[in-house]
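I opened the file today and kept short notes as I went. Each entry records what I looked up.

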Amino acid sequence: MAKFIYLDNAATTKTAPEVVEAMLPYFTEYYGNPSSVYEFAGKSKAAITKSREIIAKALGAADNEIYFTAGGSESDNWALKATAEAYEKKGKHIITTKIEHHAILHTAEYLEKRGFEITYVGVDENGTVKLDELKKAIRPDTILISVMFANNEIGTIQPIKEIGQIAHEKGILFHTDAVQAFGQIPINVDECHIDMLSASGHKLNGPKGIGFLYIRKGVKIRSFVHGGAQERKRRAGTENVPGIVGIGKAVERAMATMEERTRHETEVRDYLIDKILKEIPYTRLNGHRTNRLPNNINFSFQFIEGESLLIMLDMDGICGSSGSACTSGSLDPSHVLLAIGLPHEIAHGSLRLTLSEEITKEDMDYVAESIKKIVERLRSMSPLYEDFVKKQK
Amino acid sequence: MYSEKVMDHFNNPRNVGEIENASGVGTVGNAKCGDIMRIYLDIDDNGIIRDVKFKTFGCGAAVATSSMATELVKGKNIQEALQVTNKAVMEALDGLPPVKVHCSLLAEEAIHAALWDYAEKNGIKIEGLKRPKSDIHEGEEEEEEEY
């Protein structure tokens, strides 16, 4: 069989076989509508309750604070738009960061067009949110702070506890997009003073099309999807029962394997980072060297462009992603890489590799060889490299 | 996402390299947008393009269009080379995805820039050749607004 090394687990993950197995009966056997009164439907309702309990426990939350949604983007949209609407009498100012996922950034832009003011706090060269800048941005009319738990591109883990503390002291609601972090690193909503948290199933070996929003009891945001009385009247629509069972199983699995997985992934991650930085000149690691998600690697290779690199890696059976403009469908490279201060041409040459527990050091030897060969080849074709070499002489 | 022809020219690009003491060299694009193309031309006394080489920093489509453009102008005279439009390059590659059309413009501009350099070096005027834009994204329409 041809080589296949999947290193794009931040994009999506393989649904774990035990997750699929847990879901299957809820398609053909227990297909009842959880809102129905007969006993048969009770099976579906019980399954939802169980998943809700698993998730609440993983976050240190109460069961009735977990609201199932169709995924991370819906959760982010709900948190921002509904908070804006519910608290606009108190103020119309929201603080977020320059490195959020587009589910937050584009929602913030949408709110800006509707009369809200948004402050986008910057990050340092490692991608860590500048706390002093965040504190200074707070105003009497600030109603919400939204900061991602860990960045999806460069993996940097944010000082969420400190930010939660700041928000809590000022009486400002605090939302975190934990789509990349949940299931990978421990999160406790009380310790971090989190009022709302978005997460998604398919990033942690669960199914696609399911996620949730944690809403702390007392936060007055209303329904985002109107209709039936599901999810305590806050999110209408017949529940995605197989999906909910799937995310529950996936969370259970992620929590049980977290320690061992983190140890393994960190070791393999650092192995590749050290190897590449040592063996390929004019290369940098993007994101914090240690305070990053255990499965995230992000390099910039000077003088080459990311999409070309991805296509060539694909031919070697390696799946990765890039912050290059060509892969985003716009002319600008990743906003995250620009926010950490990279010049455009270096941002275009980025490569993100995100591991799973299945990846070994042997795989990384193969990956490193492939990257080395490709970077060399693309540089030999690059006018930027040609100019650089001539200048050196 | 790419046609077989594009993939072929990306994987086995024709005419990669440099020409020492080239008759004309043209570099277009900018690193900001993620694509830079440089074309070297070797033009003989009869105005025939004897050899052509390129170097490109850019995506798969940028590399493939550079490669195809060099193939299309090799052996041609200057006037024929001027007829190698971005449309001709795209057709020869069996098309490009819509977001990559600007890459083919880059190839056309790079050839024109190299010819312009040749004309300047030799103090001649090439009929029908305008001063090439250094930035192909100039005047490009803004993206449609969402929402």
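Predicted model: local features only at pLDDT ≥ 70, side-chain atom pairs only at ≥ 80, totals over all residues.

Strand β3 (residues 93-97) of chain A pairs with strand β5 (residues 142-146) of chain A in the parallel sense, over three bridges. I looked up one partner: A:Ile95 is bridged to A:Ile145 in β5(A).

Next I checked the pairing of β3(A) with strand β4 (residues 117-121) of chain A. These two are also parallel, and I found five bridges between them. A:His93 stands opposite A:Glu117 in β4(A). I then followed the chain from β3(A) to β4(A): the path goes through helix α5 (residues 102-112) of chain A, and this β-α-β crossover is right-handed.

Is β3(A) mostly covered or mostly open? The strand is mostly covered, with four of its five residues buried.

I turned to helix α5(A). Which of its residues are buried? I noted A:Ala103, A:Ile104, A:Thr107, A:Ala108 and A:Leu111. Seen down the axis of α5(A), the buried residues fall within an arc of 125 degrees, so they line one face of the helix. I also looked for what lies over them. The cover includes strands β3, β4, β5 and β6 (173-177) of chain A, together with helix α4 (72-87) of chain A.

Then I went to the nonpolar cores. The largest has 79 residues, and A:Ile94 and A:Tyr214 have the most contacts inside it. Helix α9 (residues 241-279) of chain A gives the most to this core, namely seven residues. Another core, of 70 residues, lies apart from it; I noted A:Leu309, B:Tyr2, B:Ile78 and B:Ala114 among its members.

I went back to A:Tyr214 and asked what it touches, leaving aside neighbours within four places in sequence. A:Tyr214 is in contact with A:Leu59, A:Ala61, A:Glu65 and A:Ile66, and also with A:Val189, A:Met196 and A:Leu197.

My last entry is on the contact between the chains. How many residues does each chain bring to it? Chain A brings 21 residues and chain B brings 21 residues. On the side of chain A that touches chain B, the elements giving two or more residues are α10 (306-315), α11 (325-328), α13 (344-347) and α15 (383-392) of chain A. I sorted that side of chain A by class and got eleven nonpolar, six polar and four charged residues.

Technical notes:
Residues numbered from 1 in each chain as written. Chains lettered and ligands numbered in written order. Core = buried A, V, L, I, M, F, W, Y, C linked by C-beta atoms within 7 Å. Buried ≥ 20, exposed ≤ 12 C-beta atoms within 10 Å, placed from the backbone. Contact = placed C-beta atoms within 7 Å. Pairing = 2+ DSSP bridges. Right-handed = clockwise from strand over helix to strand, strands pointing away. Arc of directions from axis to C-beta. Nonpolar A, V, L, I, M, F, W, Y, C, P; charged D, E, K, R; others polar.
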